[in-house]
Amino acid sequence: MGTSLSVATTEFEKLDRCAELDHRPRVLLGKMGLDGHDRGVKVIARALRDSGVHVIYSGLWQTPRSLAISARDEDCDVIAASMMSNSHLVLGPKLVEGLGAMGRSDIPVHMGGIIPQADIKTLLDSGVGACFTTGTSLIDIVEAVKSTVRPLDQSLATDHPTAQLARDLSLAHSERDVRADAPRRRPKRVIGVTGSPGAGKSTLVAALAAEHTRRAEEDPSLGRVAVVAFDPMSPITSGALLGDRLRVDFNRLEEKVFYRSLAIRGEDYHSLDAIIELIGGCDGGDLGAFDTLFIETVGAGQNETRIRDHVDRTAVVLVPGMGDAVQMDKAGILEIADLFVCNKADHHGQNELMRDLRDISGKREVIETIATHGKGVGELYDALMAGASA
Ligand code: B12
């Protein structure tokens, strides 16, 4: 590995460096430990995205177990763990162990950050794939990630059904053949959540998934919940930053929620029907089948309407202060709503938005939420479930 700092601290050229690979690398960027040093991980995330990599960022304060679950469900090629809290010797081996427990001991772990040279051998001996110290150039990090890409085999060397589901989804999404015997079934309830960027869709979907798990604890017949979250793919590099899963508290929910992030261009939901059926068909064993599926759209804007063709119910999320009554009257996204959500209802302009929504909604429900506080989430959940096919 080189040690040039030149590109590490300056601008990183946007360039598709992954076009020749079997598939775009999927990297799970994780921060374990209790510290808040997220600058390094953000620099790496941007550099990888600008090189054509699909970067899944799971957020701060992950445990080895939550990171292993994320790696399995995202079917990533490699975990890039940024360690700044001097806990690498404890957490690194635990992450390797966790991956084994999730049926994915084949996913390599790369560690970087503040790692003394003297600790590197111990980490490598414990199963960590590679260690990178401060000063590693971004080009070297990109190349290391690229080197982990292997062809997407149809069957994994694991009997873990969720790990196999995650691989089936990778194949379906990239329009390759999925194993012929993969079970398929449409989940009982498939709900689309759409709205413009910044409307709080991810936080809302995370809150709905958490609400579902809370209710399923009281009523196991509700089954398990899954989420598919789409984010945009760069038209220049084909890279993507998939950051929606950081809204879900996996340290608490663990395997009760299956969460998959996918990158698409525009509104290209070509593989969505297959993805829906594969998720519904997955036998979750003791954990239960996925009867409820939330699909979060990319959130492109007013003309993002195709999601409606794939789901049973569509919730359109709006926030105060984003437009006036004329915006409401434009054809497109508002027409596809089965119900409206006024999220961030504590923001200025909420009364005006509610008034405008009531004007156009007809018989459709309008629900106020503050997703970050959980306000209105129970009511929204009830409204969505009531209308979704059972
Ligand atoms: C900036 C900084 C902060 C900022 C953090 C801002 C933020 N949002 O990230 C602030 C001021 C908040 C902060 C606070 C603290 N900090 Co501080 N901080 C630093 C400092 C000066 C620079 C870190 C940085 O951002 N570098 C720039 C980024 C781009 O580089 P990087 O993170 O190293 O990442 C690069 C490489 O390491 C590599 N890399 C990183 N991760 C990975 C992962 C993979 C897979 C790969 C391939 C590569 C890779 O690639 C990146 C790009 O080149 C370092 C000292 C230093 N010079 O490193 C101390 C340092 C990390 N901090 C330290 C400490 C102790 C703290 C505090 C506990 C101090 C205190 N007593 O309050 C608090 C903790 C706060 C908290 N909430 O956790 C210690 C950690 C000691 C250790 N681990 O042994 C350090 C090393 C300082 C020291 N010498 O003691 N800190």
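This is a predicted model: local features need pLDDT of at least 70, side-chain atom pairs count only at pLDDT 80 or more; totals for chains, interfaces and linings use all residues.
1. Start with Arg-39. One of its polar backbone atoms lies 3.0 Å from an oxygen atom of the ligand.

2. The ligand is surrounded by 24 residues. Gly-36, His-37, Asp-38, Ser-82 and Met-84 are the closest. By class, the shell has 10 nonpolar, 11 polar and three charged residues.

3. Which residue gives the cobalt atom its single protein donor? His-37 does, through NE2, at 2.2 Å. His-37 sits in the loop between strand S1 (26-30) and H2.

4. Asp-38 pairs with Lys-42 in a salt bridge (3.1 Å, N to O). Asp-38 is partly exposed at 21% relative accessible area. Lys-42 is also partly exposed, at 39%.

5. The structure holds 30 salt bridges. One of them joins the side chains of Glu-20 and Lys-146 (3.3 Å, N to O). Glu-20 is in the loop between helix H1 (6-9) and S1, and Lys-146 is in helix H6 (residues 138-146), so the pair ties together parts 126 residues apart in sequence. Glu-20 is exposed at 57%, while Lys-146 is buried at 12%.

6. Asp-249 and Arg-252 form another salt bridge, with their closest N and O atoms 3.9 Å apart. Arg-252 is exposed at 52%; Asp-249 is partly exposed at 38%. Elsewhere, shared partners link Arg-65, Arg-72, Asp-73, Glu-254 and Glu-255 into one salt-bridge network.

Notes. Residues are numbered from 1 along each chain as its sequence is written. Side-chain values use heavy atoms; hydrogens and water are left out. A residue is near a molecule or strand if one of its heavy atoms lies within 4 Å of it. A polar contact is a pair of N or O atoms within 3.5 Å; within protein, one must be able to donate a hydrogen and the other to accept it, and residues adjacent in sequence count only if both atoms are side-chain atoms. Ala, Val, Leu, Ile, Met, Phe, Trp, Tyr, Cys and Pro count as nonpolar, Asp, Glu, Lys and Arg as charged, and the others, Gly among them, as polar. Donors are N, O and S atoms within 2.8 Å of the metal (3.2 Å for Na, K and Ca); water is not among the atoms, so sites may look incomplete. Helices (H or I, at least four residues) and strands (E, at least two) are DSSP runs, numbered from the N terminus. A salt bridge is a side-chain nitrogen of Lys or Arg within 4 Å of a carboxyl oxygen of Asp or Glu. Buried means under 20% relative accessible area, exposed over 50%, partly exposed in between (1.4 Å probe, protein chains only).
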